[in-house]
Amino acid sequence: MTEQLHLALNPVRSDRTEDFERFLAEVVAPAVRAQRPDLDGRWRGMRTSGPSADVVTYFFMFEGGSLEEDWELGVLLPAHYGEDEANRLIGDWVATFSPLDAWAEAAVTSGQDS
């Protein structure tokens with residue numbers, strides 16, 4: 001049986017991409033390795049080459065498991081960092097996201113000028 005492949009899109013403010021990527025490398029990756037070694041190496045991220053309306057879109061692929069149970073940062077991070085630190089880290093990470101309206105507008109209008 002083929003395992004499920006989950007896709008996720010994250011709109012990130014173009015001025016916060018370094019913070020977003022640092023969070024993935026320094027916070028998420030160590031937590032996954034420690035808490036769910038069976039999932040280590042089973043996720044990949046990609047991004048658009050440049051911003052559109054000051055938004056960079058990140059695409060993630062998660063192989064296997066459940067988004068709600070296995071890949072949920074609200075479960076993985078508290079287990080690894082403790083509840084208070086995980087809440088702080090997640091709060092900082094959420095601040096890197098672009099408002100959805102700007103992202104959606106850019107997606108709808110992209111390519112209309114050509």
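## Salt bridges

Arg16, Asp19 and Arg22 are linked in a network of salt bridges, a salt bridge being a side-chain nitrogen of Lys or Arg within 4 Å of a carboxyl oxygen of Asp or Glu. By this rule the count comes to 10 salt bridges. The model is predicted: local features need pLDDT of at least 70, side-chain atom pairs count only at pLDDT 80 or more, and totals for chains, interfaces and linings use all residues. Residues are numbered from 1 along each chain as its sequence is written, and side-chain values use heavy atoms, with hydrogens and water left out.

Arg88 pairs with Asp92 in a salt bridge, with the closest N and O atoms 3.0 Å apart. Both residues lie in helix α3, 4 residues apart, about one turn of the helix. Helices (H or I, at least four residues) and strands (E, at least two) are DSSP runs, numbered from the N terminus.

## Asp70 and Arg36

Asp70 forms a salt bridge with Arg36, the closest N and O atoms being 2.7 Å apart. Asp70 lies in the loop between β3 and α2 and Arg36 in the loop between α1 and β2 (43-47), so the pair ties together parts that are 34 residues apart in sequence. Arg36 also meets Asp38 in a salt bridge (2.8 Å, N to O).

Asp70 is buried, with a relative accessible area of 18%, while Arg36 is partly exposed at 22%. Buried means under 20% relative accessible area, exposed over 50%, and partly exposed in between (1.4 Å probe, protein chains only).

## Helix α2

In helix α2 (residues 73-81), the buried residues are Leu73, Leu76, Leu77 and Pro78. These buried residues pack against α1 and α3 (83-94). Just after α2, Gly82 takes a positive phi of about 90°.

## The largest pocket

The largest pocket holds about 330 Å³ of space. On a 1 Å grid over the protein atoms alone, a pocket is an open set of points where a 1.4 Å probe fits, with protein on both sides within 12 Å along at least five of seven lines; lining residues have an atom within 4 Å of a point. Of the 14 lining residues, Asn10, Phe62, Trp71, Leu73 and Trp93 lie nearest the centre of the pocket. Two or more lining residues come from each of β1 (5-13), α1 (17-35) and β3 (55-63), and α1 gives the largest share, 4 residues.

Definitions and conventions:
Grid points are joined across faces, edges and corners, and a volume is the space filled by probe spheres set on the points. Contact means heavy atoms within 4.5 Å.
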